[in-house]
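Subject: Structure handover

Hi,

Here is the structure I promised to pass on. Please open it alongside this email; my notes follow below.

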Amino acid sequence: MTIIQASRSPRTAPTSPTAATGRDPVIDLVRALCVVAIVLLHGLQMGVTVGPHGPVLEYATVGASWYPPVTWLLQVLPVFFVIGGFSGMLAFRRLRDRGGTATDFVVGRVHRLLLPAVVTISVVAVVLAVLQVRGVPPELLLEAGVRYGQPLWFLGVFLGSQAVLPTLLRAHERAPLGTLAVLGAGALGVDALRSLTGVDAVGYANLAFVWLALQQLGFFLAEGRLDALRPVTRVRIGAGAVALLAGAFALGIFSPDLIAQMNPPTSALLLVGVAQTAAFTLLRPTLAALIARPRLSAVTAFVTARTMTIYLWNLPVLLTMAGVSAYLAEHGGLLLPDPSAVLWWTLRPSWLVLSLVLTAAVAWALGGMERRRLHHPTTSSSRAQQAVLLALAGVLVPLLAGTTVLTALLAAGLFLTALSRVQAPRVSRVPLASKAPQAPASPHVSGAPQVAGAPQASGAEPHVGTLQVTGAAGR
């Protein structure tokens, strides 16, 4: 991983007015809508029933015929990464204009993304330990841990994408179309190699190519290049992407389940991102009118300030709801219908609303973590790189080994260590014994002038001073 100072290229296209004024409220609105869509998607996926051997957690959407069309509406991560590139580019350029560096940008991203993650996974570790002691079946805890850990991939990929954003922005400023083409071609190449070899693991290389290409597309959006295209051109681009996607479904190249395209990611997500971005540019005036409404603006501001907190806490909230529902079903007579049954659909709207309300309540209570300032950030590029790598390791542990008490504590420790690396090494004070100063020389001796107001020595006893020592790695 390389963190370098990106310099503005003379080839960069003029930025949109948004670049000069800071945040774009329409982008914030789209981000908030994406977060709500993700919460709703998770709520649809979460299923709980009570079998002969106790509560059973299951994916309510597995094999459901209604699910693939729903994913066409709720698969919002492509456009989320596009607006991540949009916001990241503008934030880094503002930072750079104030004299900041790529390291400053990465340090800020690590700090903001990991603080809520440390809190979440630490609480999960404690809850799992309590449930384990209280005799909850190990297989149920294991399944709950897997369900909690799976969405953590987003934290790792988004942090990694933001960490290399300054480097990719430099490439964009030098060769915008060429850089995007290379990333897109890489995604297609990975899909082709996966198809030829039959090895699905090859597809995980697209965790880089697909999401970075979408982030790169956000640079074009931020610079106003896409809005500068004629509306009919944008309609054709969006329609063309949808047509290609539909054709790939018809030929059996991709599954029509767009959520399935994320594990591992495929180039189908690039087409989704292109179509969503084209639609966004066309709907921007309508969205601008909507965000001008005070209530919607307030909700958007709430979500924007707590995006990662909402994302990370949504699954724990849903798992808690599932656990309470199972308990009431076993001891209170609550009816838990089978997924996709008529009664399940009757109750699902209230389930989704409750999940939104409870997640928002947790975000209201804990969302301040994302807004905590880093008072002594490091300026060391190597420390920033170490922080990113430690954070990615913390994500991989529960993803690969499942979320247990041990892996949750290990991940929390890695996150805390990463956060310590983005802090500048503290100045330590080491006692230094020194001899008493000699009596001042005579004012008549050349080269030994008297210092006005200087204390006079009185006796031969040593005095204790302090020596300031900073870490060898620098800030």
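The protein exposes about 23,300 Å², and carbon and sulfur atoms supply 67% of that area. Accessible areas come from the Shrake-Rupley method with a 1.4 Å probe; for residues, only the protein chains shown count as cover.

Some ground rules first. This is a predicted model, where local features need pLDDT of at least 70, side-chain atom pairs count only at pLDDT 80 or more, and totals for chains, interfaces and linings use all residues. Residues are numbered from 1 along each chain as its sequence is written, and side-chain values use heavy atoms, with hydrogens and water left out.

Overall make-up

The secondary structure comes to 17 helices and four strands. Helices (H or I, at least four residues) and strands (E, at least two) are DSSP runs, numbered from the N terminus. The protein has 475 residues, and buried ones make up 46% of them. Buried means under 20% relative accessible area, exposed over 50%, and partly exposed in between (1.4 Å probe, protein chains only). Take the contacts in the protein with a separation of 6 or more: residues 24 or more positions apart account for 83% of them. Contact here means heavy atoms within 4.5 Å.

The cores

The largest nonpolar core has 112 residues. Helix 5 (residues 102-133) gives the most to this core, with 14 residues. Apart from this core lies another, of seven residues, among them Ala248, Phe254, Ala268 and Val272. A nonpolar core is a set of buried Ala, Val, Leu, Ile, Met, Phe, Trp, Tyr and Cys residues joined through side-chain atoms within 4.5 Å.

Which residues have the most contacts inside the largest core? They are Phe154 and Trp211. Not counting residues up to four places away in sequence, Phe154 touches Leu77, Phe80, Phe81, Met308 and Tyr311.

Trp211 comes up again at Ser161, which has contacts with Phe81, Trp211, Leu212 and Gln215, leaving aside neighbours within four places in sequence. Ser161 lies in helix 7 (residues 152-163). Ser161 counts as buried because its relative accessibility is 3%. A polar atom of its side chain lies 2.8 Å from the backbone oxygen of Val157.

Helix pairs

Two packed helices are described by the angle between their axes and the distance between the axes. Axes are lines fitted to C-alpha atoms, for helices over the stretch in contact, and angles run from 0 to 180 degrees between N-to-C directions. Angles under 35 degrees count as roughly parallel, over 145 as roughly antiparallel, 65 to 115 as roughly perpendicular and the rest as oblique.

Helix 5 and helix 7 have axes that come within 9 Å and cross at roughly 170 degrees. The two are therefore roughly antiparallel. Residues of helix 5 including Phe105, Leu113 and Ile121 meet residues of helix 7 including Leu152, Phe158 and Ala163.

Helix 2 (residues 25-45) and helix 12 (residues 268-291) also have axes that come within 9 Å, crossing at roughly 95 degrees. Helix 2 and helix 12 are therefore roughly perpendicular. In helix 2, Pro25, Val26, Ile27, Leu29 and Val30 meet a set in helix 12 that includes Phe280, Arg284 and Ile291.

Loops worth a look

Most residues other than glycine have a negative phi, and most peptide bonds are trans. Asn263 and Pro264 are joined by a cis peptide bond, with omega about -5 degrees. Pro264 lies in the loop between helix 11 (231-250) and helix 12. Ser340 is not a glycine, yet has a positive phi of about 75 degrees. Ser340 sits in the loop between helix 14 (307-331) and helix 15 (342-366). At 31% relative accessibility, Ser340 counts as partly exposed.

Ile259 is also in the loop between helix 11 and helix 12. Is Ile259 buried or exposed? Ile259 is buried, with a relative accessible area of 13%. Its contacts, leaving aside neighbours within four places in sequence, are Leu41, Gln45, Tyr67, Thr71 and Gln75. Ile259 and Val76 are 183 residues apart along the chain, with C-alpha atoms separated by 9.6 Å.

Gln45 and Tyr67 are also in contact with Thr61, as are Leu44 and Trp66, again leaving aside neighbours within four places in sequence. Thr61 is found in the loop between strand 2 (54-59) and helix 3 (67-74). Thr61 is buried, at 7% relative accessible area.

Best wishes

Key
Polar contact = N/O pair within 3.5 Å; in protein donor to acceptor, adjacent residues only side chain to side chain.
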